[in-house]
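Student: I would like to learn how to read strands and helices in a model. Could we take the features in turn?

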Amino acid sequence: KSYPPKKHMVAGKLVLTTGGVFGGRLRAKSRRVAIEIRRPEPTEDSKKQEETPLLAGESIKELGDEDRVVIRILTPKKKGLFKHADHDDSSDDDDDSHDEDDEDDDWKQYRIYDLDEIEDDEVDDDTFEAQLGRGNQTEVRQLKFRTKEEADDFYGEIKRYRQMQKDKAQRKLEEFRAQQAKAAEKAAKASPKKGTTTRAFDIANETEVKLLVEIVSAVNLPIADIKSTDPLVSIYLGNEEVHKTKHLAKNLNPVWTLETGSLFLLHVPVEKFFGAKSGLTFMVFDYDSMSKNELLAKVSVSHEKLLEAKGERMELKLTEENPKDRKSRWIHPKLMIRVRKASDEDFAFMRKFKAAKKNAIGVYAGTSMLAPIVTKTSMLKRETKKGPDGRLYRVKPKPDPKREEDETKWMTEKQIHSESLKPSYDWVEAGSGTLGFVYFEVIGCDGLANKDVGGKSDGFICAIYEDAIVNTNVINDTLAPRWMPWTQRAFKFRIGHPSSQIQVGVFDYDAESPLGEHDPMGRVSIDITNFSANTEYLLHYNLYSTTLMDDRKVKGKIIVRLRIEWSNYRKALLASAVPPPKNFVNVNKKVEFSNAVYVTNGKDNPYEFDTNTIKAYVNELVQLQELSYYITEALKAVLLWRGTFNLFGLQLPIHSVTAFLMGITVIENFNLIPSYWLFSIAWILLATTEQRGRHPSPWAKTYSFSSLWLALVTGNTFSDKIEAGENEAKIKLYEEAEEERRQLAIEKAKEATERADEMNAFLADEDAENAGDEGTEIATKTGGKVSLNPLKPFLFPVQLMLGQLCVGLRIARSVISWDEPYYAFLIVNVCLFAGVAVIWVPWHFIIRWTLRIVIWVVLGPWMKLVDIYYVQKIDKQNSATKQQESALEAKGLAVVVAKRTRMMQKEEAMKLRAFKKYMFGKYIVRVPQFKEYRFQDAPLLESTAVPKKTKKEDIKVTSQAHGQLLTGAMIPKWGDTPEGAGETTALRSTAGPSYGST
């Protein structure tokens, strides 16, 4: 007899049920109970495993490695008019019943449990009571046998098989240890290098299992609610729930992240680990706040697979509870996980993560972002006074702490500027790169706008380089601030890629702003790609507020000083062959986010809808018409043999000679076409660098092809020397001539546009007359000022598309014009070497014989035999419906592959976002990866460059703003070196919490 459940699992606790307490004895029903050993047996379908029950008996002395002990409770089948009435828990039958038939046709399966799912069992006279199931499916039941002897026999069998399972676990543990020892010995013989091992987990020398497990994502989950599912995953070791993720609302393809419980540590003795028959069991539930969660699917991962895993992404096919609900036969629900051996660093991270307050954000923000330093001053203090040599000004933010206060408290403007040019006392190291260093110092600004009322602006600088963000001291109440050597102004940026730029923004510090923002006063992008190493640059730049609009107005000037030091320039050149990584900086406050957005994008946010942004994109694309004039002039120079190359005062038509030689050889030998096509690409790039070299300004120069080859061969770079105002007269004449050519190009393009518009208007009038009044265009004209906000859903995607197009064209322009010299150098070399390689390929022979073979094979009369003996038979065997099904299945599989790729990209992005949010702050700002700005900021003519090598004693690093680069999966490494694990551990153990608001 089986009574109704005595207790049910409710909200994680076993609660008494009314059916089990009142009237349970009266409503008991006849049941059978069977103890079975199940063993997997391969079938014809290699993808499916069926378990065959074997009757348990005294003859079974031990369990096989794949044996599974189950307890099945059977109920009589419903027969005839009077059907068997189940008791009050029959509503659960559909959830737990299976379509397995017993030997007796009169009985069917009612419940099935693994031996691991039976706990807290005891026998009282003829009644066996136990806790059955796992998770929220757990219930306490009583089974009443006919006699006390039968109850004792059943309980004895349960205990006997438990002991056999323990013996099997110990045996598997010993076998696994022996296998690892044997594999280690074999590996040592093959590779005698000391310490070499290929195993993720050396169980032979461990008494505990320490695994880091990540629930990555799931796809194609069954629909449990009306249209979707609220999935969560519970993980069990045997019958013990070791972890549970948070549920994700309405998601059939969920991705779990750090904040939704994707990570957990499994730390158990090896005996307990192997004592769980199925390894780790992952059960996917549909969350229900009003009732118990519904089991959707599950999968188990064996001990061996868990211990051998090294963090790779594993795709596990889920076993569905109701496979009939599957949408299609080629789309299966899957669960993605990662597993690897847990390190001390993983334990340290998880301890801190659990110790942090709920929904903590920016735990390490204090060590990855350098905030501006504010020095409070009294409003009553005077700022100037008379001196013997003229007007004196108070030195800000404070006098030099290393000298007497009166010596540096008051100075003239000239003295302040001279003092600011002295070497910096203290440096801040920032970033995560390994190729070298950029020594960057902020000297001062001039001509800033006044953003304060009743005073002057309180300026400070925010700089972003790759994954580092830093700020200077705030210089109060001045429009021409100077940062003194003893202030926070000197930064030692680690270089991660040679093409990265330094983004600089100037702000007015406003702590009491009602909007909580600092007023921006201008920005500049400093391109260091063409700067030489071992050279000290004193650079003057104009500040602008926009990176996009045509009417850019100067907002002031900034003075900076920088030097570049390469660890190995040859290594840096080779690293430039790989595109720069995607860099993001996280900040923890809204005001910091606003600053970072302005530094990287100016006042024009391309990711916010603005009709002015659309107009700017259109104007930028329209200006491309100017290129037609330059292309025409270049073709004239080539075709008319105009001199372009200066040799001892003679203008030689070197490009015309090249074109002539290529032309007369290719018409005689068409095999040269692929080679000459590649050579032409290299030729165009070399011609543009030649054109750029004609500019008299030393700040317009770029690395030449020959200089980069020399640096690649020798591994050395050369210093540079540029004087203030160098070639100023020549630059003026050159720029005037270029402006005349540009205006001429604009006029030519405008004339062509007007002629095209005139023709289009004529054709439109003719069409309107032919079509009559019904075809008249009634759209609103764009001449007046019309609010386009209602059209945002239509125009905003257009804005984003135009932005992507313009960014792509800007990147191409930067390569062609050698603003990106490393990529241009790479393309030239690839084209030259590839052109030489393919010049020996007999293209004519290959094409001729390929066509001969195709025509003779495909178009010959023997294709009739192919039709009779092959195609017609295939057509008869495969109906049109089968062919359509095959085509649909192929398309379905293609969709699955594409979906898998998108899912992996989604996983990477979401997990990185969650980690960076937790570690560095809730706001994320993208740092431009390439030369993506419409306008290139160039140093002014008063800038200088002098050869100077960096001495270690001149650079005193007193603090560090760690970069925000995260590498690796599961728990990413955060450190400033490729071997960043040790440094990461130190950072995470010493960096104090800096929790942000949620």
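Student: Through how many residues does a hairpin join β19 to β20?
Tutor: The hairpin joining β19 to β20 runs through two residues. This is a predicted model, in which local features need pLDDT of at least 70, side-chain atom pairs count only at pLDDT 80 or more, and totals for chains, interfaces and linings use all residues. Residues are numbered from 1 along each chain as its sequence is written, and side-chain values use heavy atoms, with hydrogens and water left out. Strands (E, at least two residues) and helices (H or I, at least four) are DSSP runs, numbered from the N terminus.

Student: How do strands of a sheet pair?
Tutor: Strands of a sheet pair through backbone hydrogen bonds, either parallel or antiparallel. Two strands count as paired if DSSP finds at least two bridges between them. Here β19 and β20 run antiparallel and are joined by four bridges; glycine 387 has glycine 390 in β20 as its bridge partner. Strand β20 (residues 390-394) is also antiparallel to β21, with two bridges, and arginine 394 stands opposite tryptophan 410 in β21.

Student: In what order do the three strands lie in the open sheet?
Tutor: The order is β19-β20-β21, with antiparallel pairing. The edge strands, β19 (384-387) and β21 (410-411), each pair on one side only.

Student: Where is proline 397, and is its peptide bond from lysine 396 cis or trans?
Tutor: Proline 397 is in the loop between β20 and α8 (405-409). The bond from lysine 396 to proline 397 is cis, its omega being near 0°.

Student: How are two packed helices described?
Tutor: By the angle between their axes and the distance between the axes. Axes are lines fitted to C-alpha atoms, for helices over the stretch in contact, and angles run from 0 to 180 degrees between N-to-C directions. Helix α14 (residues 654-666) packs with helix α15 (residues 673-693) at about 175°, the axes being 12 Å apart. That makes α14 roughly antiparallel to α15. Angles under 35 degrees count as roughly parallel, over 145 as roughly antiparallel, 65 to 115 as roughly perpendicular and the rest as oblique.

Student: Which class is the pair α12 and α18?
Tutor: Helix α12 (residues 611-622) and helix α18 (residues 792-816) pack at about 40°, with axes 10 Å apart, and are therefore oblique to each other. Their crossing is left-handed, a term used if the near helix is turned anticlockwise from the far one by less than a right angle (right-handed if clockwise).

Student: What is the angle between α16 and α19, and which residues meet?
Tutor: The axes of α16 (residues 705-714) and α19 (residues 821-838) cross at roughly 85° and come within 10 Å. The two helices are therefore roughly perpendicular to each other. Phe705, Leu708, Trp709 and Leu712 in α16 meet residues of α19 including Tyr822, Phe825 and Leu832, where contact means heavy atoms within 4.5 Å. By class, this contact of α16 with α19 has ten nonpolar, one polar and no charged residues. Ala, Val, Leu, Ile, Met, Phe, Trp, Tyr, Cys and Pro count as nonpolar, Asp, Glu, Lys and Arg as charged, and the others, Gly among them, as polar.

Student: Which residues does the UniProt annotation "transmembrane region" cover?
Tutor: In the unreviewed UniProt entry, that annotation covers residues 673-689, 822-841 and 853-871. UniProt positions are in the numbering used here, feature names are shortened, and annotations may be inferred rather than shown by experiment. In the model, residues 673-689 are 100% helix and 0% strand, with end C-alpha atoms 25 Å apart.
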